[in-house]
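Dear colleague,

Please read the notes with the model open beside you.

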Amino acid sequence: MGTSVFYFVATLSVIFALMVVFAKNPIHSVLYLILTFFTFTVHYVLLNAQFLAVVNFIVYMGAIMVLFLFVLMLLNLNKDNEPNKSALLKIVGIIAGGCLVVTLIGSLKSVAIANPLVLKNPNLGLVENLGKELFGPFMLPFELSSLLLLSAMVGAVLLTKKEEKANG
Amino acid sequence: MGSLFENMQSVPLNHYIWFCAIIFTIGVVGVLTRRNAIVIFMSVELMLNAVNLLLAAFSVHHNDPSGQVFVFFIMALAAAEVAVGLSIIVMVYRNTQSIDINVLNRLKW
């Protein structure tokens with residue numbers, strides 16, 4: 001089996017990510033994005049980061065993508081009311097992306113961290129280890145993130161509330 | 001699970017970097033070429049996920065759990081961002097009856 005699992009799953013993620021960007025129908029984009037996130041979950045399992053795999057599965061695939069799908073279906077879009085950008089802009093965007101990937105890979109080639117990934121501590125990504133880290137040195141950011149989530153929830157409710165006609 | 005990782009030990013860190021760079025670039029191309037606001041949002045999620053995977057890989061490389069804690073924080077942040085962003089998109093749709101970002105081109109100037 002060897003490392004072929006990684007390359008197989010990586011190829012699948014790249015294909016699904018391309019489908020997300022190039023699918024015509026936004027619903028198909030969401031479904032392909034769910035598949036992409038599933039392949040990312042497999043990547044986390046392969047890295048032995050089990051906590052992240054579970055969180056990725058529940059939060060990204062379970063919550064965020066359902067929110068996307070929910071909003072997309074709520075908006076009641078017409079069959080095809082996404083007017084495509086002109087072909088020139090599309091080509092320019094793809095060329096810009098190609099330049100970016102060539103630059104990134106080219107500049108990282110000189111770094112050449114070619115030594116294989118070795119897991120020194122087999123329970124690095126387990127819940128116990130991460131919990132000790134999270135509630136030790138990262139206690140303050142953890143509590144602040146709860147404030148962030150609360151304010152995001154209040155903000156989302158306030159933004160989508162219909163304004164009272166009487167005030168206007 | 002441990003035996004699964006034993007097989008993975010020969011994937012070089014380089015390949016993780018290349019893979020994440022490619023996924024990130026696909027997200028950038030999505031932002032540049034699409035006009036549907038929700039698809040642009042999904043491309044941003046793709047970029048966030050590429051960074052997350054790279055953080056996890058480097059965390060394994062350096063044998064330091066902080067990287068995975070950062071990924072956890074990024075996930076919490078992404079959840080908040082998606083909630084606010086989607087509510088903004090719903091507002092835009094309610095006001096303009098469309099989620100084409102070209103309708104909002106007055107924001108450019």
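In α6(A), the residues A:P141, A:S145, A:L148, A:L149, A:A152, A:M153, A:G155, A:A156, A:L159 and A:T160 meet B:F73, B:A76, B:L77, B:A79, B:A80, B:A83, B:V84, B:S87, B:I88, B:V90 and B:M91 in α4(B), where contact means that the C-beta atoms of two residues, placed from the backbone, lie within 7 Å. The residues of this contact divide into 17 nonpolar, four polar and no charged; Ala, Val, Leu, Ile, Met, Phe, Trp, Tyr, Cys and Pro count as nonpolar, Asp, Glu, Lys and Arg as charged, and the others, Gly among them, as polar. The axes of α6(A) and α4(B) come within 9 Å and cross at roughly 10°, the axes being lines fitted to C-alpha atoms, for helices over the stretch in contact, and the angles running from 0 to 180 degrees between N-to-C directions. The two helices are therefore roughly parallel to each other (angles under 35 degrees count as roughly parallel, over 145 as roughly antiparallel, 65 to 115 as roughly perpendicular and the rest as oblique).

Please keep in mind that this is a predicted model, in which local features need pLDDT of at least 70 and side-chain atom pairs count only at pLDDT 80 or more, while totals for chains, interfaces and linings use all residues. Residues are numbered from 1 along each chain as its sequence is written, and chains are lettered from A and ligands numbered from 1 in the order in which they are written.

A second pair of helices also joins the chains: α2(A), residues 26–46, packs against α3(B) at an angle of about 5°, with the axes 11 Å apart, and that makes this pair, too, roughly parallel. Among the residues that meet here are A:L33, A:F37 and A:Y44 in α2(A) and B:M42, B:L46 and B:A56 in α3(B), and the contact as a whole divides into twelve nonpolar, four polar and one charged.

Taken as a whole, the contact between the chains draws 77 residues from chain A and 67 residues from chain B. On the side of chain B, α4(B) gives the most, with 22 residues, and the residues of that side comprise 46 nonpolar, 17 polar and four charged.

As for the chains themselves, chain A has six helices and zero strands, whereas chain B has four helices and zero strands (DSSP runs numbered from the N terminus, with H or I of at least four residues for helices and E of at least two for strands). Buried residues make up 25% of the 168 residues of chain A and 48% of the 109 residues in chain B, a residue being buried if 20 or more other C-beta atoms, placed from the backbone, lie within 10 Å of its own.

Leaving aside its neighbours within four places in sequence, B:A56 is in contact with A:Y44, A:L47, A:A49, A:L52, B:G67, B:Q68 and B:V71.

With kind regards

Notes:
A residue is buried if 20 or more other C-beta atoms lie within 10 Å of its own, exposed if 12 or fewer, and partly exposed in between; C-beta atoms are placed from the backbone.
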